[in-house]
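Hello,

Here is the structure I promised to pass on.

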There are 2 protein chains.
Amino acid sequence: MIGNELVSGETADANAFFMAGALTEKGFRVARVLMVGDREEDIREALLGARERAATVIVSGGLGPTSDDLTTAAAAAAFGERLVLREEIREQIRARFAKGGLEMPRSNEKQAVFPAGAEIIPNPVGTAPGFCLRSGGTSFFFLPGVPRELRHLFRESVLPRLESERKGSLHYRSRVLKVFGFTESAIADRLRGLNPELFSAELSYLPRYPENHVKVVSRGADAGAVEENLAKVEKIIMEKLEGRVFAVDRETLEEVVGRLLKERQATLAVAESCTGGLVAHRLTNVPGSSDYFERGLVVYSNRAKTDLLGVPEDLIARLGAVSGPVAEKMAEGVRLLSRSTLGLGITGIAGPGGGSADKPVGTVFIALAGPDGTAARGYRFWGDRDQVKGITAQTALDWVRRYFLRNGIAGFKK
Amino acid sequence: MIGNELVSGETADANAFFMAGALTEKGFRVARVLMVGDREEDIREALLGARERAATVIVSGGLGPTSDDLTTAAAAAAFGERLVLREEIREQIRARFAKGGLEMPRSNEKQAVFPAGAEIIPNPVGTAPGFCLRSGGTSFFFLPGVPRELRHLFRESVLPRLESERKGSLHYRSRVLKVFGFTESAIADRLRGLNPELFSAELSYLPRYPENHVKVVSRGADAGAVEENLAKVEKIIMEKLEGRVFAVDRETLEEVVGRLLKERQATLAVAESCTGGLVAHRLTNVPGSSDYFERGLVVYSNRAKTDLLGVPEDLIARLGAVSGPVAEKMAEGVRLLSRSTLGLGITGIAGPGGGSADKPVGTVFIALAGPDGTAARGYRFWGDRDQVKGITAQTALDWVRRYFLRNGIAGFKK
């Protein structure tokens with residue numbers, strides 16, 4: 001990837017990310033992604049370094065008409081090739097301008113100049129054609145950096161060619177298992193006995209606070225075996241993680257909760273103190289959530305807890321607003337008020353202020369009320385305000401998921 | 001940057017982008033950004049290659065507790081250093097777990113192992129400390145890949161150290177002016193007359209949907225002149241953008257709103273339909289928000305609007321729940337119920353369902369009720385569900401800000 005904007009923090013890379021995803025999906029291994037600025041010697045050095053390492057190198061950027069577009073010249077210099085003007089390409093560029101009623105600016109002539117041995121990759125969506133060059137046993141593909149043009153040329157020309165040149169066929173399947181309730185190291189401890197290589201698979205861990213994702217990749221020559229291996233590894237992980245995998249691939253926790261509520265024709269209402277509306281916000285991020293979510297109350301003050309939910313004043317006075325019994329009354333109150341199947345009550349100290357020796361920042365009580373009773377549990381979470389809000393909301397939503405998996409409130413009382 | 005997720009197109013790089021921006025801002029030149037996967041030989045080779053090229057190398061990722069975290073071992077191998085267990089660091093990690101009432105999982109012990117010559121960079125926000133190592137005249141900084149931890153260690157430890165070691169002095173000051181309510185091109189049009197070069201300054205535009213940020217950078221050898229130039233440019237922009245700059249640098253809109261409410265000793269309550277709790281969530285992201293935010297109601301159903309806020313059923317029947325008068329009743333209802341100074345009412349269609357020819361997806365009504373009356377206004381926003389929720393919440397919060405700037409409700413009735 002070539003461009004000053006990439007090494008100055010001006011533009012976040014999107015091209016390498018796109019190509020790496022597409023290549024990985026097709027079973028290619030991307031060994032390195034390198035970004036350099038618009039300096040000829042840096043580009044030259046990057047090209048020569050890549051030639052030593054890889055069978056295929058895809059280069060993007062620096063094919064434009066301006067003085068900071070140096071890739072073509074750097075490639076010719078690096079590989080000891082002359083630069084030649086390709087008349088037919090100049091005519092194509094001129095024709096592109098003419099179609100828009102414009103004369104071709106002189107600077108665009110540069111885009112018709114290529115290293116002598118280059119094979120042109122036509123660009124139907126822009127002025128800069130790409131080109132392909134072989135040097136020292138390595139194939140180089142040079143593509144424009146404009147994302148729309150890059151994607152087009154990559155998809156239409158580069159990827160099909162790489163696939164057709166590949167010896168044999170390689171199948172690739174992946175699955176992301178989303179875990180909540182185990183730390184990354186707890187997951188690693190539990191999966192210690194699993195040897196993914198036995199299934200031609202690889203595991204990787206992706207922390208997505210407060211979630212942890214485990215990605216399983218299976219590769220092989222036989223499509224059926226790849227699918228089967230993936231399923232086997234997934235099954236083992238599911239067993240070892242005992243219900244802590246809450247979703248697979250792109251599904252979110254709030255979507256899972258929504259799906260379970262819909263399947264059971266159940267509804268949910270929430271009374272939030274320390275999460276301040278985050279649970280309601282997440283629930284309502286799901287299209288169609290009005291089918292099972294009717295109201296949420298953000299009861300930040302004690303008065304709001306008493307007025308709206310009927311939490312007894314003396315209970316708050318005796319035990320504090322941050323306590324299990326208050327969470328229970330909140331859950332029961334909002335459930336009754338809204339006539340919902342389930343009610344969640346959440347109270348805690350998100351910080352940075354409000355903590356005490358007895359109840360430090362991160363102290364949280366969550367309660368769930370259902371037709372079969374109410375249960376509350378206390379937590380002591382870690383982190384700053386955002387994190388406490390985040391992990392509390394996640395824990396509360398996960399309670400609803402587990403309510404359905406665990407046959408009701410009884411499961412929480414153990 | 002080290003991690004399979006980066007070379008497989010799973011996770012777009014954010015760390016290199018962040019650090020490159022911060023380094024460029026401070027006048028450093030970033031020559032290369034390299035990403036490799038979790039393979040020890042690739043990491044080793046990348047480290048040795050970087051040592052030949054750069055005076056300073058920042059490495060991120062691969063310091064975690066799992067088997068695919070290989071950076072420390074690769075660094076030791078590359079630079080011919082032994083790996084040693086640092087007891088004091090192990091105790092720190094153990095203590096971090098103990099604080100949360102947890103035992104340290106065995107896999108975390110790995111995070112207390114470092115190359116013998118390493119200088120530890122403490123990590124107050126996570127379990128993986130960073131470390132610094134010198135080899136062949138090059139300084140290597142190894143940081144964890146979790147973005148929050150990386151940013152913290154980079155800002156607090158790496159950047160100050162690089163700046164203090166730099167020879168010569170270049171002063172650099174920047175300011176980010178956060179704009180809401182003008183598009184990027186509207187801002188550019190209004191700033192057309194401003195020539196930042198006259199003040200040795202540069203402007204850049206950073207779209208941060210739904211906000212637009214204008215960044216002013218001033219550089220020079222004289223600290224006083226740099227500061228003065230920056231202030232002059234800022235003043236001109238503030239005037240030209242007429243109150244649409246809602247915050248400067250790191251302050252958020254919800255912090256500005258909180259600050260204004262506190263200064264005026266005013267309180268705010270919100271009744272949300274289509275934003276589903278997002279406004280309450282944002283308000284309560286600010287520490288100390290309980291001083292001015294007492295409650296929020298997420299009234300997703302019509303029944304909740306009627307039951308909790310006294311919105312007349314026949315009003316909803318006549319005009320629909322998504323209408324100006326219903327927004328007004330919601331704002332007035334929640335203001336009275338909570339005895340707050342101001343009440344916000346928000347109703348709309350976030351999509352993707354629920355739209356009609358008359359009221360398409362993105363139709364939103366916002367109302368603000370205060371001691372001086374109530375005003376409502378209708379909007380037609382663009383975008384998907386997330387975007388409609390986001391821009392609606394932003395508009396509603398900005399109303400509160402402008403209430404104080406514009407001398408009350410009358411300002412909205414013009």
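Leu268(B) stands opposite Phe293(B) in S13(B). That pair belongs to the parallel pairing of strand S12 (residues 268-272) of chain B with S13(B), which runs over 4 bridges; strands count as paired if DSSP finds at least two bridges between them. Helices (H or I, at least four residues) and strands (E, at least two) are DSSP runs, numbered from the N terminus. S13(B) is mostly covered, with 7 of its 7 residues buried. Here buried stands for 20 or more other C-beta atoms within 10 Å of a residue's own, exposed for 12 or fewer, and partly exposed for anything in between, with C-beta atoms placed from the backbone.

Before you go further, please keep in mind that this is a predicted model, where local features need pLDDT of at least 70, side-chain atom pairs count only at pLDDT 80 or more, and totals for chains, interfaces and linings use all residues. Residues are numbered from 1 along each chain as its sequence is written, while chains are lettered from A and ligands numbered from 1 in the order in which they are written.

**The sheet across the two chains**

S13(B) also pairs across the chain boundary: S13(A) and strand S13 (residues 293-299) of chain B run antiparallel and are joined by 5 bridges. Gly296(A) has Val298(B) as its bridge partner there.

**Where the chains touch**

How many residues of chain A are in contact with chain B? The count is 57 residues of chain A against 59 residues of chain B, a contact being two C-beta atoms, placed from the backbone, within 7 Å. S13(A) gives the most to the chain A side, with 7 residues. Other elements that give two or more residues include helix H2 (15-25), strand S9 (201-208) and helix H14 (385-405) of chain A. By class, that side has 29 nonpolar, 18 polar and 10 charged residues; Ala, Val, Leu, Ile, Met, Phe, Trp, Tyr, Cys and Pro count as nonpolar, Asp, Glu, Lys and Arg as charged, and the others, Gly among them, as polar.

**Chain A as a whole**

Chain A has 15 helices and 16 strands. Its radius of gyration is 29 Å, well over the 22 Å that the globule rule gives for 414 residues, so chain A is more spread out than a compact globule. That radius is taken over C-alpha atoms, and the rule is 2.2 Å times the number of residues to the power 0.38. Of the 414 residues of chain A, 46% are buried.

An automatic or database domain assignment is the origin of the domain bounds: domain 1 (4-165), domain 2 (171-248) and domain 3 (253-413) of chain A. The C-alpha centres of domain 1 and domain 3 of chain A are 54 Å apart.

**Two residues to look at**

Ala201(A) is in strand S9 of chain A and is buried, with 23 other C-beta atoms within 10 Å. Among the residues that Ala201(A) touches are Pro196(A), Val216(A) and Leu230(A). Glu87(A), in helix H5 (residues 87-99) of chain A, counts as exposed, with 9 C-beta neighbours inside 10 Å.

**One more sheet, in chain B**

An open sheet of 4 strands in chain B has the order S2-S7-S6-S5 and mixed pairing. Within it, S2(B) and strand S7 (residues 138-143) of chain B pair in the parallel sense over 5 bridges, and Thr56(B) has Ser139(B) as its bridge partner.

Best wishes

Key: Lists of a residue's contacts leave out its neighbours within four places in sequence.
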